[in-house]
There are 4 protein chains.
Amino acid sequence: MNYKVILQEIYNESEKLATLGKITSSIPELGKVDPDKFGIHLTTIAGEDFGIGDSEEKFSIQSISKALTVALAFSFLDEKIWERVGVEPSGSAFNSLVQLEYEKGIPRNPFINAGAIVIADILVTHLKNPKQDFLNFIRMICGSPKIDFNLKVAQSEKDTRFRNAALANFLKSFGNIHNDVDEVLDFYFHQCAIEMTCKELAHSFFFFANEGKTKAGVPILTKSQVKRLNALMQSCGFYDESGEFTYKVGLPGKSGIGGGIAALYPKNFVVATWSPRLNQKGNSELGMNALELLTTKTEMSIF
Amino acid sequence: MNYKVILQEIYNESEKLATLGKITSSIPELGKVDPDKFGIHLTTIAGEDFGIGDSEEKFSIQSISKALTVALAFSFLDEKIWERVGVEPSGSAFNSLVQLEYEKGIPRNPFINAGAIVIADILVTHLKNPKQDFLNFIRMICGSPKIDFNLKVAQSEKDTRFRNAALANFLKSFGNIHNDVDEVLDFYFHQCAIEMTCKELAHSFFFFANEGKTKAGVPILTKSQVKRLNALMQSCGFYDESGEFTYKVGLPGKSGIGGGIAALYPKNFVVATWSPRLNQKGNSELGMNALELLTTKTEMSIF
Amino acid sequence: MNYKVILQEIYNESEKLATLGKITSSIPELGKVDPDKFGIHLTTIAGEDFGIGDSEEKFSIQSISKALTVALAFSFLDEKIWERVGVEPSGSAFNSLVQLEYEKGIPRNPFINAGAIVIADILVTHLKNPKQDFLNFIRMICGSPKIDFNLKVAQSEKDTRFRNAALANFLKSFGNIHNDVDEVLDFYFHQCAIEMTCKELAHSFFFFANEGKTKAGVPILTKSQVKRLNALMQSCGFYDESGEFTYKVGLPGKSGIGGGIAALYPKNFVVATWSPRLNQKGNSELGMNALELLTTKTEMSIF
Amino acid sequence: MNYKVILQEIYNESEKLATLGKITSSIPELGKVDPDKFGIHLTTIAGEDFGIGDSEEKFSIQSISKALTVALAFSFLDEKIWERVGVEPSGSAFNSLVQLEYEKGIPRNPFINAGAIVIADILVTHLKNPKQDFLNFIRMICGSPKIDFNLKVAQSEKDTRFRNAALANFLKSFGNIHNDVDEVLDFYFHQCAIEMTCKELAHSFFFFANEGKTKAGVPILTKSQVKRLNALMQSCGFYDESGEFTYKVGLPGKSGIGGGIAALYPKNFVVATWSPRLNQKGNSELGMNALELLTTKTEMSIF
């Protein structure tokens, strides 16, 4: 498979679509990004790297971090984690309180905001210095010390926190937050404010494609655990567009409102895209399209 | 892979769980089935057959038929089918009217009852003699003329039709049923009342695993179309337990309240199970468990 | 109180608003009515009649009939009626299925469609010749033999029945319809298709203001029963605009999509208005406004 | 009307029911109250006072305060108040977030928690020293300087604030809270923690029955404004039991989870009851019953 040529083709075809979608307006600091950035990076299971466009420029990974926090929490709690969060797609918008009310404070899955806040609470409980320890974990799985929080973004999330604060307090009212609400939110806003390049993102997700081991060979999760998280990303990784992504792309992945997407073909490759213009459901317009082209051109989807 | 040994192991381990779950009470005629029946049949992509238990006994396929009607409708309409039904998991029970109201008569996906009734309407429009033509289609993809409706079951569905009649009338009020409500329901009750053995079911689903071609080599759908339907089964095939099934089993499939499940590993195998005792979400308790054991033992899941 | 002068003032002030709102499009036959019709009739508890505008022209009373069917059903069952329908405002649109699903087939109150269909079912059970007997009841309480069904309207309701058919089947699936769905709907479509003038409507509602006795002195309900139905009309008589009507007008009443409203001040007067242009919530724009002017000018509201 | 005798009768009949219902468990400090307390106080429009039982013992008025805050806010903003909160019954539990989400942050009415928090925000904006000024207002309308906050109760509300904090943050996310969330909640917890006797409560509500003027003759609201708030209490004063209360009692009123109820018959009387045992919907079991007996015995309901 000549990934270099394929990425180039995808990049060229994407040029024509380059102005679809709008940059997020929900977090002011994110609104300052150049909306026309576009990068793709693919890393094969053999370790080969292929990048194109703005693939080595940093961006805010936002909700993509939820796949990494759940991996870390899963390594602590294994199946017990599902006592506090479900594994079903939500069928509604990513920050809906409605479902949470009907389901008595157990979020549908760890990729909607409510679920991710519960996972953040678990990490605050299990980590000694939650923010620093989590950052170290990310640097380790990525194999790069150059990953950091963007503190302006973290502050901007805090300044516009009200919906997430509503979720966290609501969860607490059901007993599903064990730590102080403000501490949990502070952790959550920082995890979302991590910055990576497409290349770093692909490397960070490498263990999902590699039966649980990082590019450097460090075991993070067991084979079986990693299959399960991949399945969960497939079901729930794209808010209420998860079915659409599964239908069109056919790979497990996770998106963020910073415009990034990480996806993977188990035992084959990891791929990360970045384009800040989002479609109506909050997923990157060009990124979704690039990944659909990738699976069409390579005929590599899991189905 | 020694499937014979593996099926035997699964069968033995299932014995211990044999009384979990309850037979459906929603359709009286189905309630007359022996709840302790249990069979598994696996057909490899090479055409080898492996069966155990009651795998050659007929049972009511019920909602499993929805995967076959959508395949036929997809062969008629291709992507235009999605103008009338979505591809997103529903996040709620299989016969919920709530979501349909919020979403103005476009069912979330073709595997919930509302969606399947829309698909039935499409087939009533496109087939000359809808019931007979659909039966012929099933016989053809299965490669067996011995498949038929159970008319007592069809009548029992009609006698207890009120919730489905509510759905069909509701869809009609939104303009998403084009034919007469009673005619569409009559077709729908018959499709659900088809009877097959596990073996016949596995053969009928063969084309989903075989890039669109039946066991006899007849092309039903294109490679790309079949990938998309497999993705859809993965996202939505198990009502509001689709995430759980994806998480635990990691194969696309479809269940029915008659206790059957059909699942597949693309380019590898098709498997069908039957055990009438259902869990709280309406899926076969033993069947779900058998498939989880199968992917654990074979380490063959798509993730 | 000089009602003649007051009605004239209201009529004059209404002229300025005469083109607000739109005639209903939900039932084709009702769409043929002249949208500019406007009439008011007030009958005092002493029996004096005051009419203005098109107050002696027939129109389709539609949902106003729900107050009369519940009165008749209440006379049969007394408090047992509340085993099958509630007394709480619905907080949502008049034909919503959502609430019905969450509340397991017990409609919130007898004035939303679902509740009225349950009441229709009760009357079908208790009346020998349901449609004729109910018509005779209406003629009796009104004191006029000249009231009849408009059969074209009844047929038009039947032709566009799908949402009501969905409700009736849904209720039946919960066991809250005892008779045949089609027979109950036929009765329901006829009750809605009754035609009256404002004057006849005011006379028909006279017993609600007169401690349970008709203008001719016939006892229909006890003092206590009539208070309770008045309270219920106050809470629930105007779909999800009941609070607004209570807030602005402060009288118990019932509206219909034919553009009619009947309202009353216990022990004082009954008033009926008709103007086919409806606001967004399905209540008569001019009628609501006329009644607000009436209570403002007379300072006669119950609060 | 011999109110003395009637209250005595009601009191005697209530003895038989004295153990129905349970004291609230939602706020620990309130759980310490003697559940068997029971008092009634009625003040006629002429100023006569009739009390029985524990009618001069202080209790936490809780949500009854919402009628007083909305009256004060209404006196500041008049009809503009309805730009931020509705006048429709909610049709769901008093602290539901679901409806708020569907209705984009405009609470259904000022008597559910979300609506009362918006009203609190309005008062925080308009009052110089919000808590003290509001307390002074209550003392003035009651005609007693002996009314105060119970600071232990206020603290207990704060300690268990999470659901209300969720509501306040959620409202803020829709832009419907203008001040700091914590400041608004602090005000809200204090207003709920006001303590009164039945007698003081009846006196405080006197202006609702007296065309807007307090017992001492001070004008608080206009005649028309007071009618409108009475109508609103009638529609929405008893959470999702408002219809039931209207149906059975037929008087405008407001309840609180401390077990108090204030109700009134315009131009006739004000009545307050207190019994801490609540029914399943959070209203005082004995209090509801006592008021039903009162309107039955006196035949004084507004309908």
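Where does T197(D) lie in chain D? T197(D) sits in the loop that links strand 5 (194–196) and helix 9 (198–204) of chain D.

This is a predicted model, in which local features need pLDDT of at least 70, side-chain atom pairs count only at pLDDT 80 or more, and totals for chains, interfaces and linings use all residues. Residues are numbered from 1 along each chain as its sequence is written, chains are lettered from A and ligands numbered from 1 in the order in which they are written, and side-chain values use heavy atoms, with hydrogens and water left out.

View 1. T197(D) counts as buried, because its relative accessibility is 7%. Buried means under 20% relative accessible area, exposed over 50%, and partly exposed in between (1.4 Å probe, protein chains only). Neighbours within four places in sequence are left aside here. T197(D) then contacts S55(D), E56(D), E57(D), K58(D) and F59(D). Contact means heavy atoms within 4.5 Å. Helices (H or I, at least four residues) and strands (E, at least two) are DSSP runs, numbered from the N terminus.

**View 2. S235(C) in helix 11 of chain C.** S235(C) belongs to helix 11 (residues 223–236) of chain C. S235(C) is buried, at a relative accessible area of 6%. Beyond its neighbours within four places in sequence, S235(C) touches P89(C) and S242(C), as well as G243(D) and T246(D). A120(C) is 115 residues away from S235(C) along the chain, and their C-alpha atoms are separated by 21 Å.

**View 3. Helix 5 of chain C.** Helix 5 (residues 130–142) of chain C holds 13 residues. From first C-alpha to last, helix 5 of chain C reaches 18 Å, close to the 18 Å expected at 1.5 Å a residue. The expected span is 1.5 Å times one less than the number of residues. Which residues of helix 5 of chain C are buried? They are P130(C), F134(C), L135(C), F137(C), I138(C), I141(C) and C142(C). Seen down the axis of helix 5 of chain C, these buried residues fall within an arc of 155°, so they line one face of the helix. The arc is that of the directions from the helix axis to the C-beta atoms. G143(C) follows helix 5 of chain C, with a positive phi near 75°.

**View 4. Helix 1 of chain A.** The 13 residues of helix 1 (residues 3–15) of chain A should span 18 Å at 1.5 Å a residue; the end C-alpha atoms are 18 Å apart, which agrees. Buried in helix 1 of chain A are Y3(A), I6(A), L7(A), I10(A) and S14(A). They cover an arc of only 100° around the axis, which puts them on the same side of helix 1 of chain A. The buried residues of this helix pack against strand 1 (39–44), strand 2 (49–53), strand 8 (269–274) and helix 13 (285–298) of chain A.

**View 5. The interface of chain B with chain A.** Here 32 residues of chain B contact 32 residues of chain A. The area buried between chain B and chain A is about 2,800 Å², and carbon and sulfur atoms give 52% of it. Buried area is the accessible area (1.4 Å probe) that two parts lose on being put together, summed over both. R228(B), Y247(B) and F303(B) supply 31% of the area that chain B buries against chain A, more than any other three residues.
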